[in-house]
Structure formats: structure tokens, C-alpha cells
Amino acid sequence: MPFERTTDKRKQDIPTSSMGDIAFLLLVFFMVTVVFTDESGLVVQLPRAEASEEGIRDLISNIYINRDGLISIDDVIVRATDVAPIMSNKIVENPFMIVAFKTDKETPYRAVDEVMEGLKEANAVKVLFNTDMEIPGFMY
Amino acid sequence: MASTSDVAFLLLVFFIVMPMKTDEIGISLVLPGKSNVNDTAKVNLKNVATIRVLPSNGILFDEQPVRLSDLVRLIQDRLTSNDKTVVILETHPDANYGMMVACLDEVKLSGARKFSLKTTKI
């Protein structure tokens with residue numbers, strides 16, 4: 001007696017009709033939660049470092065210093081002597097604030113030192129020297 | 001209408017990838033401020049290793065000229081011989097900030113936990 005081949009005639013398609021709905025749902029979620037920075041700062045070329053660590057973005061307040069020694073806080077060019085009063089106000093608003101130095105690698109250290117003195121005066125002591133990540137053994 | 005989900009996925013990828021572009025990486029430090037001024041301690045000169053960044057961006061380690069690539073080994077040797085070693089990174093105001101960060105990077109890589117920044121008085 002010949003064997004009868006039994007084949008499963010059920011459809012095996014994966015339903016994709018709800019794919020667009022899921023995509024839009026996720027899209028709305030990411031659009032709502034994404035945070036874009038609105039600070040343009042100054043054009044700087046950051047130094048490279050291997051021992052870099054990640055700063056907590058929400059706590060960070062940026063200070064840009066370009067290679068000519070120009071200082072920018074919140075897109076306003078300020079003098080080094082203005083750093084202390086500005087940062088004093090900011091530290092009151094956010095006591096856990098981390099000041100990120102976005103400084104050009106060719107900037108004379110004098111400018112950075114003056115800003116750091118202002119930060120000490122304002123008691124904004126947590127700083128992050130922003131760097132580009134250097135990959136060990138990789139030549140740029 | 002068929003391409004709507006394609007567009008949605010494209011936008012989705014954009015909004016997922018955008019926040020990942022982190023530029024908040026760097027070397028963190030706590031400066032001596034008004035509140036932690038009492039934390040300052042006197043250190044025996046024998047326990048101090050000084051790195052000096054010159055205006056020419058040359059480097060001195062305990063007054064001896066060294067290459068940047070040798071700094072990690074030199075600091076580690078000092079730490080091995082004396083675990084109380086405090087590294088002082090003294091930078092001249094005319095030196096480049098990039099060189100100061102490069103030295104600070106080497107100090108961090110060497111595993112030195114006690115270090116401080118100083119500016120050369122002129």
C-alpha cells in the first residue's frame with residue numbers, strides 16, 4: 001500500500017500589516033524623547049585622549065574656548081572675569097553641574113587657567129576636559 | 001502608501017541613532033574650590049613627581065626632558081617604588097592646552113590616583 005504524503009496546507013506567511021503601525025509608534029516615542037542641543041558654541045578641534053570617560057549629558061554646562069582664546073558660554077562671548085558670576089548662577093540652579101571644557105588643542109593654557117580660576121571662585125569644581133576618543137594603536 | 005512604513009523606519013533609524021552621537025567624553029577632574037579647600041594636604045617633597053609642560057610644549061619629568069610616550073612607564077616606576085607618590089602636572093601659560101591634556105591622559109593611564117594641576121608662575 002503506497003504511503004500518502006501528508007503536506008501541511010496551512011499558510012505560513014508572517015503578518016506584516018501592523019509593521020507600519022509599530023514603526024510609527026516607535027517613531028513617535030523616539031521623536032518625543034530625543035533632545036537636540038541648541039548651542040552652537042565655537043569651532044574647536046578637541047585633543048585626543050585614551051583615558052576618556054563619558055560625562056552625564058544632562059548635568060553638563062559647556063564652556064567653549066577657541067585657539068584665539070575666545071570664551072563662549074551659552075553662545076555668548078564672555079571675558080574670563082565674567083566666568084565666575086555666570087557659573088555662580090548656574091551652580092545655584094544645578095548643584096551637580098559638570099563644566100565641560102570644549103577647548104581647542106592649540107589654545108594657550110593661559111586661557112584655560114583663567115577660566116578654571118573663575119570656576120574655583122564660583123565653586124563649580126566638577127570639570128570635564130572634552131576630548132576625542134583615541135583608539136590605542138590606531139593612527140589618524 | 002506602500003512606502004509609508006519604509007519612510008517611518010528610515011525616520012525611526014534617524015531618531016534612534018541621533019542621540020547615540022555622544023560628544024560628552026573627556027577627562028574628568030574635581031578642582032579645589034571654596035567648599036573643599038579644607039581637603040588640601042601638605043605633601044612631603046620626596047613623594048612628589050612633577051611633570052612640567054614647557055612653553056615649547058616639551059615635557060620635563062622631575063626636571064629631566066622626556067618623551068610623552070615614556071610618561072606612563074616613568075610614573076608607574078615611581079608608583080612602584082613609592083605608593084605615596086603624588087603627581088603634579090605643572091603647565092606653562094604659553095604651552096598648548098592639547099599638550100596638557102595629553103600629559104593628563106598619560107597620568108590617568110598610569111593609574112596614578114593622586115594628582116593635581118598647577119600653572120607655572122611667570
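**Chain B: contact and sheet**

A: The contact draws 39 residues from chain B and 41 residues from chain A. On the chain B side, the elements that give two or more residues are helix H1 (4-17), strand E1 (25-30) and helix H3 (97-110). By class, this side of chain B has 21 nonpolar, 13 polar and five charged residues. The model is predicted.

Strand pairing also crosses between the chains. Strand E2 (residues 53-54) of chain A runs antiparallel to E1(B), and two bridges join them. Here Glu53(A) stands opposite Gly26(B) in E1(B). Strands of a sheet pair through backbone hydrogen bonds, either parallel or antiparallel.

Now the sheet of chain B. The sheet is open and has five strands, in the order E4-E3-E2-E5-E6. Its pairing is mixed. Strand E4 (64-66) and strand E6 (115-119) of chain B are the edge strands, and each pairs on one side only. From one strand to the next, the twist averages 25°.

At the E6 end, the pairing is parallel: strand E5 (residues 86-91) of chain B and E6(B) share five bridges. Ile88(B) stands opposite Ser116(B) in E6(B).

A helix covers part of this picture too. Helix H2 (residues 71-81) of chain B packs on the sheet. H2(B) touches strand E2 (48-53), strand E3 (59-61), E4 and E5 of chain B. The direction of H2(B) makes about 165° with that of E2(B).

How values were computed. Residues numbered from 1 in each chain as written. Chains lettered and ligands numbered in written order. Predicted model: local features only at pLDDT ≥ 70, side-chain atom pairs only at ≥ 80, totals over all residues. Contact = placed C-beta atoms within 7 Å. Helix = DSSP H or I, 4+ residues; strand = E, 2+ residues; numbered from the N terminus. Nonpolar A, V, L, I, M, F, W, Y, C, P; charged D, E, K, R; others polar. Pairing = 2+ DSSP bridges. Axes fitted to C-alpha atoms, helices over the stretch in contact; angles between N-to-C directions.
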